[in-house]
Amino acid sequence: MEKINQNDPCPCGSGEKYRKCCGANKAISINRIIESELDELQKRILHFAFFHFGNEINEDFEDLSEMIDFDMEQEREFYELIHAIWFSLFEELDDEETIIEKFITAEAGKIKRPKLRQILQTWNNARVIAGKVISVDNNQLTVEDGFTSEQLNAIVGSVTVTIEEGSFFIGMIVPYEQNHLFFPSPFDLPLLKPEHAFSYIEDSSLDADYDSPQEYLKDFFLEVLSELPMIGGMLEIEEMEWSKPIYKEVADIFKAKLESEVPPPIVDTGIILWFNFCEKKQKRIQNPNLYAAAVHYLLSTIAPLGEVRTQKELARLYGAASNAVASIVLEMEAELSSEIAELKSLFFGGEEPPVMPPFETASIIEFPIGGSSGIDKAGKQKSKPELELIKNKGKKGSKKGQED
C-alpha cells in the first residue's frame, strides 16, 4: 500500500489534507489508546505501592487521620486513596527514594510500548497544582497555575470532565510528553473564588514559614484539600440586601475583627445572625462598634472561637461600653432564640457549650461544609462526602461605645 504524506489530499475525497481528515482521526485513535494505557498504568502504580509499601503508607495515613477527622467511612476511603497517590509521588522512604522512583526502576523495562515507557520515566517529576481552568475541550484542559500564572495543557484520564471554565481546582499532575496528565483527576470547587483559594494557601504557607506556597502545597496537599471547601462558604457582605447602610457597616467591623482568627464559615455564622436580627428589629444605630461587639460576644457563646474573651474584654476591643454590649446581647438572644438553639445543636450536639478555663483554646474547630468530586478505588467518579474543617493542621514541622 502506497504511503500517504500528511499534506497530501485525503484519499477519502473530502478535499482536505490527509493530516486534517482521516490522518487526524488516526492520531486521535492512537492518543486514546495511549491515554487508556496511562490510566491502567496509574492503577498499576497504586497496586505496586500497596503491595510493597503498604505498611509505610498506612502508618503515614494514620498520622494524617489524627489531623483530619473522618466522619463517614466513604470520606475516609476517599482520603485514603488520594493519600496513597500523594505518598507514592512525593514522600521519600527511608532510603530517600520515592515509590514512583522505585516503580520506574522495577517496572519500566517490562512495558512493551516505547512511548508509554518514555512517558512513565518522566513521572518522577510529578507536581501539585492549584489553579484556575482556562478552557475545556473534551478531556483536555488548559489551566493556569495560581501562583506562577503558568498555563499548562493537562489531560484527564477515564473520568468524565465536568469542570467549568473559570473554576478553581487542585490536583496532582505528571508529565505527558509536552502536556500533563492528572493523577488521578482534578478536584474542583466551583463555588470557591480562585483568588480566595490562592490567598488562603499563601497565608497558610507563610504561617508555616515556607518560602513558597507551591512547596507548602506539596507537603500539605491532603490538609489543604480538606480545608479548602470551607472557604467556599464565604459570604459577600456587599451582595447582601441590608435594609440600612449602617447595618452593613456593623457586619464589616465584625468581620474585620474576626476573619484573621477563625474560619470564614464561623464568621459567616455571626454575619447571618446579625442579618436576621436586622430583619426582625429595625434598630437606630449611632455606634456600629457597639453592635459589632455584641455580635462577637453572642457568637462566642454559640461557636468555638479559639481565644476566650469576656464581655468586658470584647467591649474594650471594640471601644464600646460593656453595659451597653450586655443589653444588646440580651435583646439579640431573645429575638434569635430559635436560630441560636439550632446553631448550638449543630456545634455541640444539643448540649450547652463547655466552659473553658482561662487561656485554654479549642485546637479543633469543626464546621459542616459541602463536598466536591472524587473517585472511588475502582477509578470511577463519585461524590465526595461532606468534609469538616480541622483548623489545627498538626504541622510536621517547617521544612526550610455608646448606643442611641
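Just after H11, Gly319 takes a positive phi of about 70°.

Modeller: Ground rules: this is a predicted model, where local features need pLDDT of at least 70, side-chain atom pairs count only at pLDDT 80 or more, and totals for chains, interfaces and linings use all residues. Residues are numbered from 1 along each chain as its sequence is written, and side-chain values use heavy atoms, leaving out hydrogens and water.

Biologist: Which residues of helix H11 are buried?

Modeller: Helices are DSSP runs (H or I, at least four residues), numbered from the N terminus. Buried means under 20% relative accessible area, exposed over 50%, partly exposed in between (1.4 Å probe, protein chains only). In H11, residues 311–318, the buried ones are Leu314, Ala315 and Tyr318. They sit on the same side of H11 because they cover an arc of only 100° around the axis, taken from the directions from the helix axis to the C-beta atoms. Lys312 and Arg316 are exposed on the face turned away from that buried side.

Biologist: What do the buried residues of H11 pack against?

Modeller: Contact means heavy atoms within 4.5 Å. Here the partners are helix H8 (245–258), helix H10 (288–300) and helix H12 (322–335).

Biologist: And which residue lies over the face of Tyr318?

Modeller: A charge sits over a ring if NZ of Lys or CZ of Arg is within 6 Å of the ring centre and within 35 degrees of the ring normal. For Tyr318 that's Lys257, at 5.5 Å from the ring centre.

Methods:
Helix = DSSP H or I, 4+ residues; strand = E, 2+ residues; numbered from the N terminus.
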